[in-house]
Amino acid sequence: MKNNILIDHNLRLNKIKRDLDVIFKSNSFTQGKYNQLFSKKIKKYLNVKFAYLTSSATTALSICLDVLNIKKNDDVVISDYSWISTAHVVENIGANPIFVDVDKNTFNMCPKILKKKITKKTKAIIFVHALGNPSGYDEISKIAKRNNIPLIHDAACSLGSKIKNKFIGNSNDLTCFSFHQRKILTTGEGGAIVTNNKRYAKKINLLLSLGAVKIKNRKYLDFVDKGFNFRLSEIQCLIGFKQLNNLNEKIKLRNKIYSNYIKILKNLNFIPQLIEKSYLSNIQSCAFKLPKKIDLEKFMKYLEKNKIDCTIGTYSISNTIYYKKNYKKPQPNSHELFKSTISL
């Protein structure tokens, strides 16, 4: 499968060579200096109490479901317009992904539809910040609190995005980020979980330690719970740590680029993703709904022929072959976006 880059991260070996020498001389390639530096810097940047590094946003979401004690046959409500991991993490533990259609303007979970999908079996809500846009969060959060349902942010695309001048993740919810190749900050593969909730943090720490704890007067660990090995290597942590320095500048530049796209393309009837007032998107993707007369696949082939990188916005999960076959509940708005939205 072709890796459609779309992003130049401007990572250069000479910028980190001295730090790489430190890692190689230490002979420690995991859980070392740069792991601590990276997690501390994320906490400082987002102004959060707890931050934990993971091997991906997918594994981060899996941990969050475990933290909330989601079991087989529980219902987990998810945004339908998202990367497939949002559903797979639920499906993989035998719980039921309940697809909620999205607003065709923001691309995010529709509050009115969410209200209709909540039942006594609903154990969690996964709200996806589609393509870096957190719009609609406030209303979703109110619904979750009113129904006493935990909220997980699939903020895989949203590092550096804001709600009312507060960074995404600065709450008592569970928030998951991705550091994949296509994200605004990359470690190749990687992710993080952040929260201000002490109880959640204690459980995450235990799970990420494979259930290990220190026992008084012993030189070795013992295991009091199950857990996971979802770690980032020292080299990955170094790469991520270095990129946090100029993240705000990147976000400003992306918003400027997107604004220029909007000015140029609006006369051709390209419709940008709506970012509501009081919300800031990091513009993970420069996404547009195409004019009705343009076929998405033909247009992508045309751009590729002219050496212009592009991809779809993201997926309508309920309309993928697997989920359509097994749940038979395709969502119309997300399907329309899947067939008409392009990332430039």
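Helix α3, which spans residues 57-67 of this predicted model, is mostly covered, since nine of its 11 residues are buried. The buried set is made up of A57, T59, A60, L61, I63, C64, L65, D66 and V67. At the start of α3, the backbone nitrogen of T58 has a side-chain oxygen of S56 within 3.3 Å.

Most residues other than glycine have a negative phi. N69 therefore counts as partly exposed, because its relative accessible area of 47% lies between the limits of 20% and 50%. A positive phi also occurs at K328, a residue other than glycine, where the angle is near 50°. K328 has its place in the loop between α11 and α12 (332-340), and with a relative accessible area of 64% this lysine is exposed.

The loop between β15 (311-312) and α11 (321-327) holds N319. Is N319 buried or exposed? With a relative accessible area of 19%, N319 is buried, because the cut-off for that class is under 20%. Leaving aside residues up to four places away in sequence, N319 touches K324, P330, Q331, S334 and H335. One of these, Q331, places its backbone oxygen 3.2 Å from a polar atom of the N319 side chain. For a view across the chain, N319 and K183 are 136 residues apart in sequence, and their C-alpha atoms are 24 Å apart in space.

When residues up to four places away in sequence are not counted, Q243 touches H9, L11, I184, L185, T186 and K250. The C-alpha atoms of Q243 and F38 are separated by 9.9 Å, although the two residues are 205 residues apart along the chain.

| Residue | Relative accessible area | Class |
|---|---|---|
| C310 | 6% | buried |
| C157 | 16% | buried |
| N319 | 19% | buried |
| N69 | 47% | partly exposed |
| K328 | 64% | exposed |

How many disulfides does the model have? The count comes to zero. C157 is in no disulfide, because a disulfide needs two cysteine sulfur atoms within 2.5 Å, and the nearest cysteine sulfur, that of C176, is 13 Å away. With 16% relative accessibility, C157 counts as buried. C310 is likewise in no disulfide, and the nearest cysteine sulfur to it, that of C286, is 12 Å away. C310 counts as buried as well, at 6% relative accessibility.

The account now turns to open space in the model. Rolling a probe the size of a water molecule over the atoms shows where empty space is left. The second largest pocket contains about 660 Å³ of space. Of the 24 residues that line this pocket, those closest to its centre are Q31, N35, Y52, N205 and S209. Two or more lining residues come from each of the elements α2 (33-46), β1 (50-54), α7 (198-208), β10 (212-214) and β11 (221-223).

Which element gives the most to the lining of the second largest pocket? It is helix α2, with five residues. By class, the lining of the second largest pocket has 12 nonpolar residues, along with seven polar and five charged ones.

How values were computed. Residues are numbered from 1 along each chain as its sequence is written. This is a predicted model: local features need pLDDT of at least 70, side-chain atom pairs count only at pLDDT 80 or more; totals for chains, interfaces and linings use all residues. Side-chain values use heavy atoms; hydrogens and water are left out. Buried means under 20% relative accessible area, exposed over 50%, partly exposed in between (1.4 Å probe, protein chains only). On a 1 Å grid over the protein atoms alone, a cavity is a set of points where a 1.4 Å probe fits but cannot get out, and a pocket is an open set with protein on both sides within 12 Å along at least five of seven lines; lining residues have an atom within 4 Å of a point. Grid points are joined across faces, edges and corners, and a volume is the space filled by probe spheres set on the points. Helices (H or I, at least four residues) and strands (E, at least two) are DSSP runs, numbered from the N terminus. Ala, Val, Leu, Ile, Met, Phe, Trp, Tyr, Cys and Pro count as nonpolar, Asp, Glu, Lys and Arg as charged, and the others, Gly among them, as polar. Contact means heavy atoms within 4.5 Å. A polar contact is a pair of N or O atoms within 3.5 Å; within protein, one must be able to donate a hydrogen and the other to accept it, and residues adjacent in sequence count only if both atoms are side-chain atoms.
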